[in-house]
Amino acid sequence: MLDTNNITKKIKMNKQNSKLLMGNEAMGRGLVEAGCRLIAAYPGTPSSEILGAVVANRDETSHDPLHVEWSVNEKIAYEVALAASYTGKRAAVIMKQVGLNVAADPFTRSTYIGTKGGFVVIVADDPGPHSSQTEQDTRLFALFAKAPVFDPASPAEAGAMIEDAFRLSEQYEIPVILRPTTRICHSRQNINIGSVKKDGATAAFEKNPGRWVATPAFLTGLHNDLNTKLVNIAGRKESYPIRHYGDGSSKTCVIASGMAFANSFDLFEELELTEKADLFQVQLPFPLNSSFINNINEQYEKILILEETYSVIEMQLANRSIQGRSDKTVPGCGELTPDVIHDILVQFLKLDIAAEPSPPPARGRRPSLCPGCPHRASFFAIKKTFPKGIFPSDIGCYTLGVNLGAVDTCHCMGACISQGAGFYHSYAQDNGNFPTIVVTIGDSTFFHAGIPALINAVTQKARIIITILDNSTTAMTGQQPTPQSGVLVDGQPGNQVFIPHIVQACGVGFFKKCDPYDINNTRKLLKEADSYIRSDYGGVAVILAKHHCLMDKSNTIQQPRFRMEISDDCIGCGICTTQFECPAISLDEEEKQAWIDQDLCCECGVCDVVCPTGSIKKVEGN
Amino acid sequence: MKQQMKQQIIVSGMGGQGVLFVTRIIAGAGVAMGLETFTSETHGMAQRGGSVISFVKVGSFKSPLIRRGQGDLGLFLHAQNLEVHGNLLQKEADFFVNSAVSLPGDNLPANISTIDASAIARELGSPVYTNLVILGLTAGSGKLFCPVDELEKSIKDLSGERFSEANLAAFQQGIEGLNK
């Protein structure tokens, strides 16, 4: 039995050359050190900072060119990187967990077809979830697609596993997944900085239609090869889980992976459990080491499995007496935080610890659109113009339009346009009457998955208004450029693709642009669009609401500023705080008076039109 | 402070208040002192003005997270978060809180220091310095694992030339605020 392995040795502290790195930075650094030659990604929390870290370390790769790109979506990123692997070079693709749903098509086939150069897929999961639409477990997706998956328990491990993942991929010609979770991505730790590997490979694609084209006739054979690869990988001694506590003589063990292992390790020390049970860490949850499966099932009488977020190790151990998710010892959803694991361990080991009273903490303040956010003005105009409208929206900062009552649905990237069309067809078929359906979609989301949906809505004669909220950036994930920005990930100029050209090419019959800061004009255009969609020749109407994002402070400085004040005429109706919902405006309920927090106000000057009594005013002379 | 130089610190505030920056300054001091240092941060949707929290752990830990009732020390950039994140700290932990008013007496932790950091920051020219005033208050108490000069070095390292002086001034005001 191995009590230590490669990865553990590699991350031993070396004070001379260690830096405090975020997990995402450690993985970015790891990709560069591994001599990776093409890296493609689409931003999404918690994975977004990995590609930036690659770029930050790229000056050390001058001996080997490295192509880095923000792709338009995850499917495209996957395919671009996969082809680079076909040429024999190391390549990687990075995304968040729901991004793998978008890339599912190329992903599931790529395990059958295999790879040439090392191919690593970093998919960041979000147990909790903190900033995602599901808390799905990529390890289970890997099992489904039959791809090996690493599960790091610290930022240092995540960085160190990248080289191991490339080697595994190269040895078996198979895509290998590295699955960090939010807590790994966004933790910082002192991490050793290694040297950058010189690769020197040149592109060499060897034609082999039986493999790269792989018509159905070849697939049974390829599938059989894949199964053999997995059996061999499960038999590698390097993937035998590490025993951190216990000498192997106990009849009780805890098996954990990823962040659940890190939390368990600290709790073993805090609760003095090191003599009470053996603690194993699984670094490769799929395919689970085959002798480990046998040994565990033979040796231990009491077994607890702690893994996020679904049952992957538990399923492969296939032992009915295991305690875990199947017998509800472990909750079926949510993050395995130290608090949750504490209570599980107390129960599993029957510890004599009094239950700690833990009243649920008060909910904190909810997030909201920034002061001066152009989306707020767009949402206010939409809601005011069509109080009875239906408002499908999408993924991004602008989902927060829900606070203004101007977001009714949010599903997955690009869904808002198709959902808008679906709402229309369902209403219109009843008696021809339909509510005004105003879809809101961000610029980056539009490029990601909105374009096929727009073509479909136009073709199918949907009568809907689509407002493209164009703030010229991918704001939520940290200001990545969009195809319209004409800027590449490293700041170099790229080619621009313009939204108006796309909208027109999709056959949209009504297309107008506005600056949403001018709420009255936006409302006027919305009414025109409504007349258009209801006219005899009506169809899809698109309004491009364009105003830059203020997360980039240089934009705030450049735009005209208006100091605002609220006069005593205020009647305390609360429209500015509930329907406009600017964080800089609060309502004193007792005094029936709204007031502006000048520390938060960015002086955009939009809010004066919001007040029904005209009490919000621009201060004269400013 | 616990034996073997182990300390668990929380930094709590609203998105946009500079919680991450304070976290990195404290962690930077830990790394400079050669200690094993771990942080955990909030990113994504919650950063848009919602309640956010970061952890700093120094010493031999594997997890960056802090369990309820285990934290040694807390910096609260917004008093409203005391209810939300206060339960992560031990009863006898040290609380450093930004508040314009003295907090109501019931259920307050035993060791609490408050300062109107927002007002001090405004006097210095911008509310963005609130986080450094609270850090100064905390540093001046001597309860942090690291000395004041390590934090000053870390502030200089992370601030960039343009803000270094103003950040250090805010930090100094926090230290002095304790003695007022």
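A nonpolar core is understood here as a set of buried Ala, Val, Leu, Ile, Met, Phe, Trp, Tyr and Cys residues joined through C-beta atoms within 7 Å. The structure shown in every panel is a predicted model.

**Figure 1. The largest nonpolar core and its most connected residues in chain A.** This core comprises 184 residues. Those with the most contacts inside it are Ile39(A), Ala41(A), Ala81(A), Ile464(A) and Ile465(A). Among the elements, helix 8 of chain A, residues 155-172, gives the most to this core, contributing nine residues.

**Figure 2. The surroundings of Ile465(A).** Ile465(A) is one of the residues with the most contacts inside the largest core. When residues up to four places away in sequence are not counted, Ile465(A) touches Thr436(A), Ile437(A), Val438(A) and Val439(A), and also Leu526(A), Ala529(A), Asp530(A), Ile533(A), Ala541(A) and Ile543(A).

**Figure 3. A second, separate core.** This core holds 49 residues. Ile66(B), Ala117(B), Ile134(B) and Leu137(B) are included in it.

**Figure 4. The fold of chain B.** Chain B contains six helices and six strands, which follow one another along the sequence in the pattern β-α-β-β-β-α-β-β-α-α-α-α. The C-alpha trace of chain B spans about 40 × 40 × 35 Å along its principal axes. For 180 residues, a compact globule would have a radius of gyration near 16 Å, so the 15 Å of chain B agrees with that expectation. Of the 180 residues of chain B, 57% count as buried. Among contacts in chain B between residues at least 6 apart in sequence, 59% join residues at least 24 apart.

**Figure 5. The side of chain B that touches chain A.** In this interface, 36 residues of chain B are in contact with 39 residues of chain A. The elements of chain B that give two or more residues to this side are helix 1 (19-32), strand 2 (37-40), helix 2 (82-85) and helix 3 (117-123). Strand 2 of chain B supplies the largest share, namely four residues. By class, this side of chain B has eleven nonpolar, 17 polar and eight charged residues.

**Figure 6. Strand pairing between the two chains.** Strand 8 of chain A, residues 187-192, pairs with strand 2 of chain B in the antiparallel sense, over three bridges. Within strand 2 of chain B, Thr39(B) stands opposite Arg188(A). Strand 2 of chain B is also the element that gives the largest share of the side of chain B touching chain A.

How values were computed: Residues numbered from 1 in each chain as written. Chains lettered and ligands numbered in written order. Predicted model: local features only at pLDDT ≥ 70, side-chain atom pairs only at ≥ 80, totals over all residues. Contact = placed C-beta atoms within 7 Å. Nonpolar A, V, L, I, M, F, W, Y, C, P; charged D, E, K, R; others polar. Pairing = 2+ DSSP bridges. Buried ≥ 20, exposed ≤ 12 C-beta atoms within 10 Å, placed from the backbone. Rg over C-alpha atoms; globule rule 2.2 N^0.38 Å.
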